[in-house]
Amino acid sequence: DLPPTSTSIEDKGLRVKTTTYVGDDNVIQLGFESGFPALEYRLLNTIGFPLTVKETLPGISLWGEYQGKTGDFQFIAGFHSDLTDLHHRGSLSGILQPRIGLSYLYAGNWRLKASYASVRQNYMTVSNEDDVIPAFEGWITIPARQPAQTADHYAFGVEGNISENVSVTTE
């Protein structure tokens, strides 16, 4: 007996990250990652016919960021570069995804924070988004003829310590 639906994702890869300290409060980080996520999606349709989709989309990405501090301000400026679209879609569109963050120490140990990131995704779910609590989340690769999913993320928050052992972060 096959289950009506199943999905699995297995990823094998390599991640390399370097950190360089510049002065007392500044850091430069650079990284490289390659992965080979294998997706498998199985469905037993309404007439009892089993369907299986197996895909592997090699992923290659580079990233870098500069973390600095000046006075009561801390900042991060960086990028993420997903090279998957270059070999999967033959496109440079969206290859550079900026990342920016800023925090300000405004009272004691409490910080106000703001950040922005442009992100891309090469996988999508095939479940029904109208389900309140989905019983199944299947993932498949976005076909090469379709653009990758993109989003701009904005976050604002406050963080600080309530006591020596308890901190709070809201975003």
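Colleague: In what order do the 8 strands of the open sheet stand?

Modeller: This is a predicted model, so to speak of local features we need pLDDT of at least 70, and side-chain atom pairs count only at pLDDT 80 or more, while totals for chains, interfaces and linings use all residues. Residues are numbered from 1 along each chain as its sequence is written, and side-chain values use heavy atoms, with hydrogens and water left out. Strands are DSSP runs of E, at least two residues, numbered from the N terminus, and two of them pair if DSSP finds at least two bridges between them. Pairing here is antiparallel, and the order is β2-β3-β6-β7-β8-β9-β12-β13.

Colleague: Why is one side of β2 and of β13 left without a neighbour in the sheet?

Modeller: Look at where β2 (13–22) and β13 (167–170) stand: at the edges.

Colleague: Over how many bridges do β3 and β6 pair?

Modeller: β3 covers residues 26–35 and β6 covers residues 59–70. Val27 stands opposite Gln67 in β6. The two strands run in the antiparallel sense, and the count is 9 bridges.

Colleague: Is Ser34 buried or exposed?

Modeller: Ser34 sits in strand β3. Its contacts (heavy atoms within 4.5 Å) include Leu14 and Ile60, leaving aside residues up to four places away in sequence. Buried means under 20% relative accessible area, exposed over 50%, partly exposed in between (1.4 Å probe, protein chains only). Ser34 has 15% relative accessibility, so the word is buried.

Colleague: And what is the relative accessible area of Leu14?

Modeller: Leu14 belongs to strand β2. Leu14 counts as partly exposed, at 48%.

Terms used. Helix = DSSP H or I, 4+ residues; strand = E, 2+ residues; numbered from the N terminus.
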